[in-house]
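Work through the exercises below with the sequence and structure at hand. Each task is followed by its solution.

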Amino acid sequence: MVEVKKKLKILGEDVLKDINQKKNPDIDIPIRSLSNVIYNEKTKQLTLGNKVSKRYLFNVAHAKRFMQTMLVAALCKELQKENIHTSLRDLFYILKKTLPNSDENTFDEQRESDPIIVDLEVMLGILREQLHLNADVRGRVVGNVVIKDMGDLINLGKLGSGGWAIPSNVEDLTLKRVNAKYILVIEKNAAFERLHEDKFWKKQKCILITTQGQAARGPRRLIQRLSAEYKLPVYVFTDADSYGWYIYSVLKYGSISLAHISERLGCPNAKFIGLTISDIDEFKLEDFTIKTRDVDIKRAREMLKYDWFKHPAWQKELKLMIKRKIKAELEALSGRGLRFMTEVYLPRKIKNKDFLP
Amino acid sequence: MVEKPGKTAQEMARDHREVAVSEFFEKNRHLLGYDNPTKALLTVIKELVDNSLDACEETRILPRVWIEIKPDGADRFRVMVKDNGPGMTDKQIPLALGKLLYGSKFFKLRQSRGTQGIGASGTILYSQLTTGKPTTIIASTGNGKTSYYEIMIDVKKNDPEIVSHQFIEDGKIWHGMKVEMTIEGRYVESRKSVPEYIKQVAIANPYANITFDGPNGRVEFPRTANELPPLPKEIKPHPYGVELGILRRMLKSSKSRTVASFLMNDFSRVGGGSAKEICKLADIDSKISPQRLEITDTEKLFKAMQKTKLIRPPTDCLSPLGEDLLIKGLKKEFKAEFFASVTRPPAVYRGNPFQIEVAVAYGGELPQEGSIKVLRITNRVPLLYQEGDCAITKSIITTDWRRYGLSQSGRSIPVGPAVIIVHLASVWVPYISESKQAVASYPVIIKEIKLALQGIGRNLQRHVSGKRKAEMQKKRKEIFDRYLPEVAKAVGKLTDKKPEPILNKLKGILKNYAKVSEDGRGKEKTENSG
């Protein structure tokens with residue numbers, strides 16, 4: 001992409017200009033933490049504020065990250081030039097090396113290179129995918145959908161028990177045919193497999209997607225595209241605990257660390273189908289609950305304060321959890337019978353439109 | 001049941017008799033530092049070396065001391081200490097060494113190593129107690145005559161018992177004294193040992209030349225200074241510093257004819273007016289003979305002496321080592337990179353003048369790990385035992401060393417590559433016991449030590465932070481030496497330019513920025529770009 005190439009070159013030229021003027025080269029990096037994330041009530045999205053941190057070359061505390069930023073940027077430029085893609089992990093290994101006459105490495109862990117890539121995204125206003133960088137593949141989908149990926153037509157309903165593994169970059173695939181009434185996003189793979197085996201998606205005319213934990217960017221973008229391009233409602237199905245609920249909020253509003261691309265990844269119309277603490281009483285799950293740990297409670301208390309959890313229904317659920325000190329996993333439903341989830345719980349919730357906002 | 005009748009008062013009185021000092025100490029030898037074989041060997045060496053150094057200094061002779069310890073059967077050692085001091089006249093020898101509490105130092109106050117007159121004779125007593133053998137003393141004053149004595153102590157009478165006495169007439173002209181004895185003991189080379197003691201003596205007395213010939217070979221401690229510190233002046237005791245028992249003895253042995261003249265002649269800082277005031281306060285006749293004072297009057301006199309307002313004692317009687325000698329002493333034994341010392345002005349505790357000096361050695365080849373080494377010295381004598389009870393240790397652990405660049409957890413000896421030497425000079429060092437191993441914790445003494453420690457602490461802190469700064473500079477340069485080529489290459493790739501000119505320019509900027517960005521710890525600065 002010409003635009004990306006140009007932006008990378010401008011970044012280098014800005015630094016070079018400082019060098020030529022004998023100044024301490026610096027780059028501006030928008031801050032990606034809660035203090036600079038704004039919840040937009042209207043668009044229902046988390047967006048980035050305008051706080052910027054300066055990263056200087058001639059500052060002992062910044063120097064290494066400055067060097068790392070330049071190394072990542074230079075490699076990205078090569079990827080553009082050669083028009084090849086690589087993974088985050090691969091990028092780390094390509095750049096990792098020991099500096100001459102020392103014991104110091106350019107990068108010691110992937111945890112160092114990953115945030116620099118996000119720095120570049122935010123700084124240049126381009127997506128990681130546009131930089132030709134892919135994350136690990138995580139998340140699967142099944143449903144009556146036909147797509148075209150790298151020239152191949154794929155029917156997502158005819159891929160056997162495993163479904164289709166969602167690649168990290170779904171920008172370039174086209175949605176050919178979609179025959180569904182809604183999308184059900186499931187936190188856990190086990191529940192996804194149960195629903196798939198029970199042919200839930202055929203009976204209910206829906207698309208099943210599992211995020212396998214916190215959603216990666218590929219599945220998030222796919223959900224967003226399906227929902228936006230075909231006007232499909234999105235229902236999210238997670239454990240009844242603070243982590244499950246946060247997975248939902250990331251799908252709906254975006255995340256704090258990726259607030260800069262919320263509009264491409266968020267599904268503001270997504271609704272929460274369950275589980276809730278209230279479900280425990282309504283569906284008689286009391287015997288299958290788990291006691292909360294201190295971290296669950298701590299996380300719930302933090303979430304009480306987030307603007308995007310201020311809705312009374314959510315405040316009530318969070319407070320219930322803190323008060324009763326219990327949580328429930330999706331598997332709790334199997335306690336009521338192995339097909340309770342597919343035959344009772346989900347159909348009743350959908351029929352009654354029993355959702356949380 | 002018929003009880004056996006007890007002793008009558010008459011019978012009891014027959015049993016009572018005077019206990020000679022020497023007999024008392026025979027039974028209480030731990031009080032003198034002879035509680036175990038290891039400590040006993042150290043005490044013998046310490047007492048004899050103290051005497052040699054005192055004698056040399058008093059006659060302004062640069063000390064040369066030979067020490068020899070050789071095994072003599074199981075748990076026994078033949079010990080010899082020889083010096084180049086003034087020696088002793090033939091008549092004086094048996095009295096000076098064969099009688100406890102005999103000495104010239106007792107009623108005069110002067111900063112010296114020994115004070116009680118039990119040191120050397122105590123060693124002879126210990127030798128005969130453990131091996132039954134007499135001690136050999138050879139001495140000459142430089143007149144061509146050499147005295148040879150073999151001496152034991154009559155414990156009951158506290159009198160010398162001369163086993164053998166003769167003159168060696170080999171025509172040799174020399175001065176000095178040699179004491180040789182066999183004792184029971186145990187030789188170690190650990191922390192609290194004879195070699196450690198001698199090493200510390202050499203540090204505290206850098207003008208002395210010491211040879212130590214021990215069971216494991218010979219060690220030389222050459223002198224590093226050729227001048228003796230000035231001879232301490234002798235002063236009379238100050239009324240505030242005298243104890244009741246000593247006052248009684250002074251009264252008995254005084255040559256003054258009245259109590260008033262006794263006070264004026266035998267004490268410092270007492271004039272006619274003060275003497276009268278003391279007598280009036282004590283309600284005793286100032287014209288009465290000191291020998292005839294009743295015991296109750298003595299007590300009244302003692303109390304009155306404490307209550308009367310008097311000028312502080314003179315302090316010019318003290319002879320500190322001086323900052324120069326202290327550092328020379330440390331340099332002799334420790335290869336450190338930094339030395340500093342502080343000498344406090346003289347101060348007074350309970351009528352006794354004293355002075356604190358402190359020096360530190362830091363870094364270099366001193367071990368980085370573990371607690372710092374603390375040398376406790378009183379009147380140039382190292383103390384090895386009872387460190388926990390000593391005012392010097394207490395002062396060190398209650399000083400905050402973290403602010404001076406050493407690490408320290410709570411109230412403990414700090415950790416770091418440092419040696420601290422604390423010297424207390426006084427006409428009367430307040431030891432907590434007769435074995436003279438720990439200084440009593442008078443608040444004013446602790447205060448003076450801490451002030452001195454804080455003084456060297458500030459010097460140390462300057463050195464350590466300067467060193468850290470230099471290390472930071474070096475580290476910073478190394479960091480950029482590593483990073484700049486990488487940055488130059490990357491910027492070159494981004495801009496399609498050659499990296500070499502970029503690197504050269506970056507190196508130019510680095511020179512200008514060598515002093516900048518001291519805020520090196522910080523986060524990236526936050527700004528609002530609006």
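**Exercise 1.** Find the residues that A:K176 touches beyond its sequence neighbours, and place A:K176 in its chain.

Solution. The model is predicted. Leaving out residues up to four places away in sequence, A:K176 touches A:V146, A:I147, A:K148, A:L153 and A:Y230. Take A:K148 from that list: 28 residues separate it from A:K176 along the chain, while their C-alpha atoms are 6.7 Å apart. A:K176 itself belongs to strand β11 of chain A, which covers residues 174–178.

**Exercise 2.** Decide whether A:K176 is buried, partly exposed or exposed.

Solution. The relative accessibility of A:K176 is 48%. Buried requires under 20% and exposed over 50%. A:K176 therefore counts as partly exposed.

**Exercise 3.** Classify the ring pair B:F262 and B:F267.

Solution. Over all chains there are 21 aromatic pairs. For B:F262 and B:F267, the ring centres lie 5.7 Å apart and the planes meet at 85 degrees. Centres must lie within 6.5 Å, and planes over 60 degrees apart count as edge-to-face. The pair is therefore edge-to-face. Both B:F262 and B:F267 are buried.

**Exercise 4.** Identify the ring cluster that includes A:Y246, and the charge that sits over the ring of A:Y246.

Solution. Ring pairs join A:Y246 with A:Y39, A:Y253, A:Y306 and A:W308 in a cluster. Over the ring of A:Y246 sits the charged end of A:R299, 4.5 Å from the ring centre. In chain B, B:K145 lies over the face of B:F167, 4.9 Å from the ring centre.

Note on methods: Residues are numbered from 1 along each chain as its sequence is written. Chains are lettered from A and ligands numbered from 1 in the order in which they are written. This is a predicted model: local features need pLDDT of at least 70, side-chain atom pairs count only at pLDDT 80 or more; totals for chains, interfaces and linings use all residues. Side-chain values use heavy atoms; hydrogens and water are left out. Helices (H or I, at least four residues) and strands (E, at least two) are DSSP runs, numbered from the N terminus. Buried means under 20% relative accessible area, exposed over 50%, partly exposed in between (1.4 Å probe, protein chains only). Contact means heavy atoms within 4.5 Å. Rings of Phe, Tyr and Trp (its six-membered ring) pair if their centres lie within 6.5 Å; planes under 30 degrees apart count as stacked, over 60 as edge-to-face and the rest as tilted. A charge sits over a ring if NZ of Lys or CZ of Arg is within 6 Å of the ring centre and within 35 degrees of the ring normal.
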